[in-house]
Amino acid sequence: MFLVKSSTFNILVFLCSGMLLILACSHETRIQSVGNYVDVENEKIELCTTCPPGFLLNADNQCIAKNMYQQYESLQDAGVGGLKTALPEIRDGFSPQQIDLGRYLFFDPVLSLDGSISCASCHDPNKGFSDGRATPKGIHDSLLTRSSPSLWNVAYLKKFFWDARASSLEEQMQGPLYAANEMANTPENLLTTLNDIPAYRRLFLKAFPDKSVHDSIQLQEIYTSLVAFETSLISLNSRYDRYAHGFPGALNRNEIEGLNIFRSFVARCAECHTPPLFSNQQIAVIGSPEPEGHPFDPGAEITFKDATRRGGFKVPSLRNIEKTAPYMHSGRFKTLRETAAFYTKGRGHAVPENEKLYLHWHIWEPELTDQELDRLVDFLQTLTDESFMPEIPKKLPSEVKEKETMSS
Ligand code: HEC
Ligand code: HEC
């Protein structure tokens with residue numbers, strides 16, 4: 001009886017999340033032509049006043065995350081790999097207007113020094129918010145040395161970058177914004193640029209209503225808006241999630257077999273890629289190889305000034321992993337199959353001869369068969385959910401010609 005009730009509840013929740021998607025506000029305003037005259041008022045970009053799907057608006061105009069995992073206990077001391085376990089604490093509470101303004105900023109190349117690249121150039125929503133390259137290209141085609149991580153579910157992370165060198169999203173974004181080989185901007189130039197765009201001046205007033213019409217845009221407001229958008233990228237409605245909430249038909253036999261291998265103490269994947277986030281957020285030294293001819297990446301050794309973490313990287317979440325090839329910090333592996341096979345080729349098999357690494361004790365010799373590796377891939381593909389995909393702006397505030405007058 002309980003089972004029946006709970007799966008009906010699940011179906012309802014999933015139906016509702018679908019509906020939320022339809023109800024999500026359409027952010028774009030339309031250009032209305034009256035004869036030859038284009039109504040400039042209607043061309044104006046307005047910010048959304050409702051929360052993205054997965055969030056509910058409270059009385060203080062804050063979007064608060066709502067999901068099925070909130071009914072479960074925390075993972076603390078409860079073992080790993082359980083289906084009905086809680087997520088880490090989420091960063092939420094931003095206003096719909098801040099989230100929507102962040103969306104425009106995220107896609108706007110005006111944030112880079114020469115207006116050529118946006119955050120989305122390297123974090124493309126159609127590529128799982130990664131970019132499909134082993135290593136991305138920054139301004140003037142300069143090559144970076146690590147791959148672009150996905151941004152789905154960053155709201156749950158405590159440390160950022162592959163080597164965990166940033167402790168907040170605000171701190172993190174000052175990396176790409178101001179790095180000479182990424183967006184190459186300066187805080188001063190970023191402020192001047194945005195303050196010179198009347199549409200942005202007007203939108204920042206909407207998102208930060210305590211400002212006066214005469215106040216200029218502040219750096220902190222830019223950072224807050226981008227964080228608000230990034231933390232709205234929630235992916236928790238995959239087929240795996242449905243299975244975890246008690247709907248056994250959501251996965252087929254091969255996928256369930258894959259899940260069991262993933263959680264087994266032979267493969268040990270779930271010890272580090274702990275459900276439901278599929279990351280325990282720790283640093284692990286696993287000894288994954290650099291691309292041919294590339295220098296060894298010391299990773300977290302630099303962050304923590306600790307030789308035992310040499311070659312260590314943050315355990316990445318595996319949600320939407322199907323979308324973000326190639327894999328690992330180096331983008332060395334092209335497919336999920338190749339990545340899974342890495343773990344069974346022998347402990348430390350890819351570590352350069354002159355390196356002594358302190359490999360994590362869960363990296364060992366599981367001797368998985370070809371079939372087991374196939375099942376692992378089957379399972380990893382059940383972690384795909386892009387139902388809360390944000391809308392890519394059709395028009396950006398930097399392109400909209402508005403009069404200087406500050407109507408709010
Ligand atoms: C030139 C490509 C590029 C651009 C532009 C870029 N990023 Fe990234 N991003 C990366 C790479 C590469 C990493 C990983 C770097 C590392 O770990 O050393 C990264 C890491 C991140 C992370 C950390 C994710 C995690 O799991 O630790 C976040 C968040 C992020 N970027 C957000 C942004 C935002 C917001 C912007 C725009 C202000 C932006 N990025 C612009 C390439 C880029
Ligand atoms: C000891 C902890 C640990 C264990 C056990 C582990 N992983 Fe990982 N996994 C990591 C770390 C750390 C990385 C990132 C390493 C890098 O970039 O060099 C990673 C990366 C990955 C990636 C690539 C993610 C991306 O965004 O590029 C996949 C896929 C993956 N692991 C799957 C698995 C599977 C399947 C298993 C079990 C066979 C497993 N992992 C076991 C720690 C672990």
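Of the 408 residues in the chain of this predicted model, 42% count as buried. The chain has 14 helices and six strands. Among contacts with a separation of 6 or more, 70% join residues 24 or more positions apart.

**Confidence**
- The mean pLDDT of the chain is 89, and 87% of the residues reach 70 or more.
- Residues 1-24 have a pLDDT below 50, and this stretch makes 19 contacts in the model beyond near neighbours in sequence.
- Residues 27-41 also fall below 50 in pLDDT, with 19 contacts beyond near neighbours in sequence.

**Around ligand 1**
- Ligand 1 has 28 residues around it. Cys 119, Cys 122, Phe 161, Trp 162 and Pro 176 come nearest.
- Helix H4 (119-122), helix H5 (169-178) and H8 are the elements that each give two or more residues to this shell.
- H5 provides the largest share of the shell around ligand 1, with five residues.
- By class, the shell around ligand 1 holds 19 nonpolar, five polar and four charged residues.

**Around ligand 2**
- The shell around ligand 2 counts 26 residues. Those that come nearest are Cys 269, Cys 272, Ser 288, Tyr 327 and His 329.
- The shell around ligand 2 divides into 17 nonpolar, seven polar and two charged residues.

**Helix H7**
- Helix H7 spans residues 198-207, and seven of its 10 residues are buried, so the rest of the structure largely encloses this helix.
- The buried positions in H7 are Ala 199, Tyr 200, Arg 201, Arg 202, Leu 203, Phe 204 and Ala 207. Two arginines, Arg 201 and Arg 202, are in that set.
- The cover over the buried residues of H7 includes helix H3 (96-107), helix H6 (187-195) and helix H8 (219-230).

**Gly 346**
- Gly 346 sits in the loop between H13 and helix H14 (370-380).
- Gly 346 counts as partly exposed because it has 13 C-beta neighbours inside 10 Å.
- Glu 365 is 19 residues from Gly 346 in sequence, yet the two are 5.2 Å apart in space, C-alpha to C-alpha.

Technical notes. Residues are numbered from 1 along each chain as its sequence is written. Chains are lettered from A and ligands numbered from 1 in the order in which they are written. This is a predicted model: local features need pLDDT of at least 70, side-chain atom pairs count only at pLDDT 80 or more; totals for chains, interfaces and linings use all residues. A residue is near a molecule or strand if its C-beta atom, placed from the backbone, lies within 6 Å of it. Ala, Val, Leu, Ile, Met, Phe, Trp, Tyr, Cys and Pro count as nonpolar, Asp, Glu, Lys and Arg as charged, and the others, Gly among them, as polar. Helices (H or I, at least four residues) and strands (E, at least two) are DSSP runs, numbered from the N terminus. A residue is buried if 20 or more other C-beta atoms lie within 10 Å of its own, exposed if 12 or fewer, and partly exposed in between; C-beta atoms are placed from the backbone. Two residues are in contact if their C-beta atoms, placed from the backbone, lie within 7 Å. pLDDT is the predictor's confidence in each residue, from 0 to 100.
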